[in-house]
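Here are my notes for our chat about this one. Have the viewer open while you read, and click on each residue as it comes up.

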Amino acid sequence: MKILLTRRLHDFAIKELKKRYQVEIHTGKIPMPKNLLVSKIKDKDGLICYPYDRIDSDVINAGVRLRAISTFSVGYDHIDNIAASRKGIVVSYTPEVLTNATADLTMALMLDLFRRVSDGDRLILKGGWRTILGPYEFLGYDLHGKTLGIVGMGRIGMAVAKRALGFEMNILYHNRKRISSQKEKSLKVQYVSLEELFTRSDVISIHAPHTPKTHEMVNLRLLKKMKRTSFLVNTARGKIINEKDLATALKQKIISGAALDVFGNEPVDDSNPLTKLPNVVITPHIGSATVETRKKMAEITVQNLILSLSGKRPIYQVKVESSHSDQP
Ligand code: 8YV
């Protein structure tokens, strides 16, 4: 059997794959250009892909032999799962193993915004330390005692809530479905409407999947409900936020700042206004980027593909009827 990887994976993972299949790894431009993907998929039985790739119906229909798609991610909004299921292609993904790493990064970004970590780093690099010696200068804010609004109370949202509790924060959440009262009690979280969450929170963190319903859900109307002193954190998917509206809110100081690990178009470049604002902290989509987590993701990605191609159930299979993510 022949398989295609749209970019490199860990050596141990490639070795495992080479024991079984003829492996082709794309090494050129990232993401792999669509026409190249469409032509390369034609004779492949399996595909390993990443969130940057667009595995739409053109790619899926071109894969006449394709039986399995294994994505190195928890999100699968980049795959047309409906088109894949129509052709009997098994789609698999890597939830759970990256929950803690992503929740940790969320806390890091929140602390960065409140305590001006990146801001301080930039100041020193620009030679500006001597300008801030006064006791009332270069102050951030306490994180403890503040209200955190979690949008999307799936695995990652819950892991963030657990951490935020340790920071003595009050936690509001909004989710498609309310979680059980037992879980609400143990996590000490309060369910509120999206509008109330935006109005009351000092910091809002996005942990929802990107779906047609959440597409650009965070727009100027919602941003205007936020406190002028509040912050926004996004480690989920860039397309959940209307970036033009967020840039306006940040420029006009409708909100205080934002920390973004994800963008509508990645890799992000200078053409995105959010990269040029002083009250924005940006990271290059590193929610799951720890040595330990990425190794586990690679193991699961490979096992998912091997199991699917041998006609067995993968460790984590995307539900056929869902087209975006498994988060509630
Ligand atoms: C990426 C992610 O998979 O899991 C997801 O949904 O977005 C990330 O973990 C990772 O950055 C590799 O591209």
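How much space lies in the second largest pocket? Keep that in mind for point 1, and remember throughout that this is a predicted model.

1. The second largest pocket holds about 340 Å³ of space. Its lining is made up of 20 residues, and the ones nearest its centre are P51, R54, K239, F263 and G264. Sorted by class, that lining has seven nonpolar, six polar and seven charged residues.

2. Now go to the largest pocket, with its volume of about 560 Å³. There are 34 residues lining it, and P51, S73, R237, H285 and S288 are the closest to its centre. The classes here are 16 nonpolar, twelve polar and six charged residues.

3. Where do the linings come from? For the largest pocket, domain 1 (2-97 + 291-309) and domain 2 (99-282) each supply at least three residues. The second largest pocket also draws at least three residues from each of domain 1 and domain 2.

4. Next, the ligand: the space it takes is the largest pocket. Around the ligand you'll find P51, Y52, F72, S73, V74, G75, L98, R237, H285, S288, R294 and M297. This shell splits into six nonpolar, four polar and two charged residues.

5. Which residues put a polar atom by an oxygen atom of the ligand? One of them is H285, with a polar side-chain atom 2.6 Å from a ligand oxygen. R294 also uses its side chain, where a polar atom lies 2.9 Å from an oxygen atom of the ligand. V74 does it with its backbone instead: a polar backbone atom there is 2.7 Å from a ligand oxygen. As for cover, the ligand has 330 Å² of accessible area on its own, and the protein covers 92% of that.

Technical notes. Residues are numbered from 1 along each chain as its sequence is written. This is a predicted model: local features need pLDDT of at least 70, side-chain atom pairs count only at pLDDT 80 or more; totals for chains, interfaces and linings use all residues. Side-chain values use heavy atoms; hydrogens and water are left out. A residue is near a molecule or strand if one of its heavy atoms lies within 4 Å of it. A polar contact is a pair of N or O atoms within 3.5 Å; within protein, one must be able to donate a hydrogen and the other to accept it, and residues adjacent in sequence count only if both atoms are side-chain atoms. Accessible areas come from the Shrake-Rupley method with a 1.4 Å probe; for residues, only the protein chains shown count as cover. On a 1 Å grid over the protein atoms alone, a cavity is a set of points where a 1.4 Å probe fits but cannot get out, and a pocket is an open set with protein on both sides within 12 Å along at least five of seven lines; lining residues have an atom within 4 Å of a point. A molecule sits in a cavity or pocket if more than half of its atoms lie within 2 Å of its grid points. Ala, Val, Leu, Ile, Met, Phe, Trp, Tyr, Cys and Pro count as nonpolar, Asp, Glu, Lys and Arg as charged, and the others, Gly among them, as polar. Grid points are joined across faces, edges and corners, and a volume is the space filled by probe spheres set on the points. Domain bounds come from an automatic or database domain assignment.
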